[in-house]
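Here is a short tour for you to follow alongside the model. Please keep the sequence and the structure open as you read.

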Amino acid sequence: MGTMRRHVKVLARTGIAVGTATVLALATGPQAMAADLSYSSSTSVGVHNAYEKTKYPYFADALDSGAGMLELDVWTNVFGASWRVSHSNPLGNDNNCVNAANASELRAKATNRDLGGCLADIKAWHDAHPGHRPIQLKIEMKDGFLGTSGRGPAQLDALLTSKLGDALLRPADVVGSHPDLDTAVRADGWPARSALAGKFIVELIPGTVEEGNPFDTLWTDREYATYLRDLAAAGRLREAGAFPAVHKAATGDPRTRYTDATIRPWLVVFDGDAATYANGTIDTAWYDDRHYLVVMTDAQNVPPAIDGTNPTQQQALDRVALLAGQHASVVSADWYPLPAVLSTVVPRGTAG
């Protein structure tokens, strides 16, 4: 068993879990803290469907967990009002969000709120925890955008901005003076984790219903990437609040699936099955070398499979170390009973 997996420890000053060998390596210069890794050179741990009440009574509990990524499922179809947050009910809300106006309400109001209510909870928690760890908010658009219902990319951005405001890391923040996201991250990478203290990074993926709908030919990834390209061309990129992800692990450059090559440079986040990424058929270092983010889901299924909810802490830490070595940016599972694992951050690309 590798050094990192034998000696994972949590640094009290940073809340960052790193291996002993990594501690020694990081301690050799003035920027010795693990928090000063760039966001794309670290691996953190995420919770699948963190809005479910069976995992956390309140979304504030998910935020308190220390997880580096929290996932929400969102429905937009015309048969329901607003942006619904639910796993399987497309017509209503079924979640642990309460639409808190401030931190005192985070566990004091009724649950089952829409996306605006979940974002309100996130902002109330954020205000009460200045300088908190960077948190990736993964939004699965279950049935995609529906612009005709007033729930398209622009409306989502308006909602994100109204609720989270300056707490968002925006595509424009990453692009800077570069022409697009791909050029920016390949040249300059992502900000340091320390520079992202108090920030949320919103990731959008196509939803299972959207991908299974034979009548839907404009999935979330392509729609939002096209929207980003067009905003940038109009000098309005600052309005955007989210990063579209290429969904499902694939060999080569998965962006070649998009026939419109002009949207490919706006996709620098990738999201897919951990077992597929780790099976030896995909060059995952290719992503790391280019500073692309990779979310590896269902981490428990990588052979040898471990429990998907409550493995031993060491089993989960070993799995995080293994997938960090496979260049994951986020290792995602349902390990909500293991807060010490959820708060783990290790250098990306370091083998366990």
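Is Tyr292 buried or exposed? Tyr292 is buried, because its relative accessible area is 0%; buried means under 20% relative accessible area, exposed over 50%, and partly exposed in between, with a 1.4 Å probe and protein chains only.

## About the model

This is a predicted model, so local features need pLDDT of at least 70 and side-chain atom pairs count only at pLDDT 80 or more, while totals for chains, interfaces and linings use all residues. Residues are numbered from 1 along each chain as its sequence is written, and side-chain values use heavy atoms, with hydrogens and water left out.

## Aromatic pairs

The count of aromatic pairs comes to 11. Rings of Phe, Tyr and Trp (its six-membered ring) pair if their centres lie within 6.5 Å; planes under 30 degrees apart are stacked, over 60 edge-to-face, and the rest tilted. Phe270 and Tyr292 make a tilted pair, because their ring centres are 5.5 Å apart and their planes stand at 40°. This pair links distant parts of the chain, 22 residues apart: Phe270 lies in strand β9 (residues 269-273), and Tyr292 in the loop between α11 (285-289) and β10 (293-297). Helices (H or I, at least four residues) and strands (E, at least two) are DSSP runs, numbered from the N terminus.

Phe270 is buried too, with a relative accessible area of 0%. Trp286 and Tyr287 form an edge-to-face pair, 5.0 Å centre to centre with 85° between the planes. Trp286 is buried at 16% relative accessible area, and Tyr287 is buried at 1%. Together with Tyr277, the residues Phe270, Trp286, Tyr287 and Tyr292 form one aromatic cluster.

## Salt bridges

A salt bridge here is a side-chain nitrogen of Lys or Arg within 4 Å of a carboxyl oxygen of Asp or Glu, and the count comes to 19. Arg348 and Asp288 meet in one of them, at 3.8 Å from N to O. That pair also links distant parts of the chain, with Arg348 in the segment after β12 (346-347) and Asp288 in helix α11, 60 residues apart. Arg348 is buried at 7% relative accessibility, as is Asp288 at 15%. Elsewhere, salt bridges that share partners join Asp182, Arg186, Asp253 and Arg255 into one network.

Asp253 is partly exposed at 23%, whereas Arg255 is buried at 6%. Another bridge joins Lys123 to Asp127, with the closest N and O atoms 2.9 Å apart. These two are separated by about one helical turn, because they are four residues apart in helix α4 (residues 115-128).

## One side of helix α7

Which residues of helix α7 (residues 181-188) are buried? They are Leu181, Asp182, Ala184 and Val185. These residues lie on the same side of α7, because they cover an arc of only 165° around the axis; the arc is that of the directions from the helix axis to the C-beta atoms. Their cover includes α6 (171-175), α9 (220-233) and β8 (243-247), where contact means heavy atoms within 4.5 Å.

## At the surface

Phe79 sits in the loop between β4 (69-75) and β5 (84-85) and is exposed, at 70% relative accessibility. Asn279, found in the loop between α10 (274-277) and α11, is partly exposed at 46%. Asn279 and Pro303 are 24 residues apart in sequence and 8.8 Å apart in space, C-alpha to C-alpha.
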